[in-house]
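Look at the sequence and the structure first, then read the points below.

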Amino acid sequence: MENVDDLDISSTTVINNIDTVRETDGDEKVVEKNVPEYFCEICRKIFSSEEEVISHREIHKKEEQFHCDICEKYFVSKSKLTKHTRIHNGEKPFRCEICGKSFSDNSNLGVHMRVHTGEKPYSCEICGKCFSENSNLGVHRRIHTGEKPFHCEICGESFVYKRNLTKHRRMHSGGKPFYCEMCEKCFVDNSDLAAHRRKHIKEKLFKCEICGKSFLNNSRLVVHKRSHTGEKPYCCEICGKSFVDNSYVNRHKRIHSGDKPFHCEICGKCFITNSHLKTHKISHTGEKPFHCEICGKSFSDSKILRRHERIHTGERPYHCVTCGKSFSGISDLTTHQRIHSGEKPFHCDTCGKSFSDNSNLTKHKRIHTGEKPYNCDVCGKSFSASSTLIKHIRIHTGEKPYECDICGQAFTEDGQLKSHRRIHTGERPYQCDICSKSFSVSSTLTKHIRIHTGEKPCECDICGKAFTEDGQLRRHRRIHTGERPYQCDICSKSFAGISDLNTHKRIHTREKPYQCDICSKSFSANSSFIRHKRVHTGERLYHCSIWG
């Protein structure tokens with residue numbers, strides 16, 4: 001470092017000492033004097049007078065007196081040097097008498113004590129929220145101002161917090177400097193590593209005092225608490241939608257921009273979030289590292305496992321404030337709430353059709369592209385949706401995991417069970433606006449409405465015959481192909497439709513689930529039951545054109 005005492009004060013650089021004359025609209029002349037500027041030769045700082053430069057140089061003289069012997073950094077006071085030295089020696093002389101935590105600086109201890117006392121002396125003048133530190137208040141204000149001062153020089157994305165920018169940059173560089181010594185997993189952020197370590201010891205330090213739920217880190221607890229208060233402080237400036245967490249806003253904005261910054265290097269598919277990309281990558285490897293301890297079922301994503309576990313526990317922690325209905329997943333609740341609001345934010349750019357759920361839009365798009373990415377390993381049949389493949393596989397395995405607790409009948413799909421239960425309850429929530437006829441299933445109402453409209457949107461490409469529903473068309477096509485994919489495992493007889501197979505099986509089991517509430521006669525097929533009812537009602541649907 002240059003010795004301050006050796007500097008020649010008379011050689012201090014002076015610039016711009018010139019008088020200029022400006023004429024006003026009147027006769028007067030105004031003299032404008034450009035103020036001289038003086039440079040400090042050491043740090044290049046600019047001053048308006050030579051006296052200020054001389055006074056300023058005293059700082060550099062003090063810096064020469066207080067410098068760190070380890071890293072050669074200079075300080076203006078001995079106290080600042082002492083504080084800095086503790087970084088190297090790890091000394092933490094200031095100890096909290098309540099919890100025993102230690103700090104290198106007394107001011108940090110003072111801030112920490114507010115955790116125990118609950119003191120929050122810094123208040124936001126806009127929303128009234130209080131903070132224990134003035135710096136936290138300053139950061140909070142950016143929510144109101146929309147200020148995002150930290151910018152990524154690679155992709156241009158902006159952040160409220162510097163730590164989020166640092167974490168984001170590692171996405172570009174691939175850097176994961178934080179390493180778990182138990183399982184060797186690496187992380188981009190130290191807080192992620194700390195939360196991960198708690199998974200090994202199953203420690204959840206942060207507990208919600210309202211519902212008792214525990215979390216691995218405090219930030220997740222803060223976001224969770226907003227589910228109780230209804231607070232949504234983060235707002236999308238494009239559509240006005242509000243969110244409980246700032247990360248949700250950033251993710252949501254990509255719906256408007258169409259931005260999908262996370263790319264799969266195997267198939268090239270793009271995703272809005274990194275978590276979606278990670279889940280997708282597992283589809284290439286087939287890895288399912290998350291196991292249910294109750295039934296042993298494996299999953300590719302920990303969130304799907306948590307949601308699955310609620311099937312066993314019956315837990316439905318997410319409640320609709322409008323109708324009171326409960327859900328096992330928050331995404332299910334969000335989708336459900338759109339029934340009340342009528343919101344359909346996901347639009348098909350090919351035909352303009354809108355959807356309340358992004359997954360339904362993705363499935364719909366495959367109608368236009370013809371894409372069927374999900375293949376059955378048994379028969380090779382392909383499907384546009386994974387859920388349809390799962391249901392299809394149960395035809396081969398015979399699995400029927402959904403059982404009616406009233407009559408014991410089992411079903412391959414949850415929706416089938418819900419519809420079946422309405423046979424027992426008599427519930428028919430779906431009503432036709434034209435004839436007021438009610439139905440237990442919404443799809444049956446949709447098909448029924450086509451009787452009034454005459455619409456037959458499903459046409460056979462071989463003979464041109466049209467049908468009101470897709471299932472009828474598929475079954476009809478088997479007349480041309482001779483296909484009978486549904487086989488009885490008792491007598492090996494084959495059928496074109498699964499409903500025909502189910503009705504046939506009742507010959508073997510002697511099951512007659514359809515009972516007349518007037519004469520108590522039972523039937524194995526619903527069609528026979530409907531025909532029988534007309535004996536009591538006297539209804540005659542079919543009339544002779546000659547005799548009437």
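The lining of the second largest pocket consists of six nonpolar, three polar and four charged residues. Here Ala, Val, Leu, Ile, Met, Phe, Trp, Tyr, Cys and Pro count as nonpolar, Asp, Glu, Lys and Arg as charged, and the others, Gly among them, as polar. The model is predicted: local features need pLDDT of at least 70, side-chain atom pairs count only at pLDDT 80 or more, and totals for chains, interfaces and linings use all residues. Residues are numbered from 1 along each chain as its sequence is written, and side-chain values use heavy atoms, with hydrogens and water left out.

**The pocket**

- A pocket is an open set of points on a 1 Å grid over the protein atoms alone, with protein on both sides within 12 Å along at least five of seven lines; a cavity is a set where a 1.4 Å probe fits but cannot get out, and lining residues have an atom within 4 Å of a point.
- The second largest pocket holds about 220 Å³ of space, where a volume is the space filled by probe spheres set on the points, and grid points are joined across faces, edges and corners.
- Of the 13 lining residues, Ile143, Gly146, Lys148, Cys235 and Glu237 lie nearest the centre of this pocket.
- At least two lining residues come from each of helix 4 (134-145), strand 18 (234-235) and helix 8 (246-257).
- Helices (H or I, at least four residues) and strands (E, at least two) are DSSP runs, numbered from the N terminus.

**Salt bridges**

- Side chains of opposite charge can pair when their charged atoms come close.
- The whole structure has 25 salt bridges, each a side-chain nitrogen of Lys or Arg within 4 Å of a carboxyl oxygen of Asp or Glu.
- Glu153 and Arg169 form a salt bridge at 3.0 Å, N to O.
- This pair links distant parts of the chain, 16 residues apart: Glu153 is in the loop between strand 12 (150-151) and strand 13 (158-159), and Arg169 is in helix 5 (residues 162-173).
- Glu119 pairs with Arg114, with 3.8 Å between the closest N and O atoms.
- Arg366 and Glu371 meet at 3.7 Å, N to O, in another salt bridge.

**Exposure of the partners**

- Buried means under 20% relative accessible area, exposed over 50%, and partly exposed in between (1.4 Å probe, protein chains only).
- Glu153 is exposed at 57%, while Arg169 is partly exposed at 34%.
- Glu119 is partly exposed at 41%, whereas Arg114 is buried at 18%.
- Arg366 is buried at 9%, and Glu371 is partly exposed at 40%.
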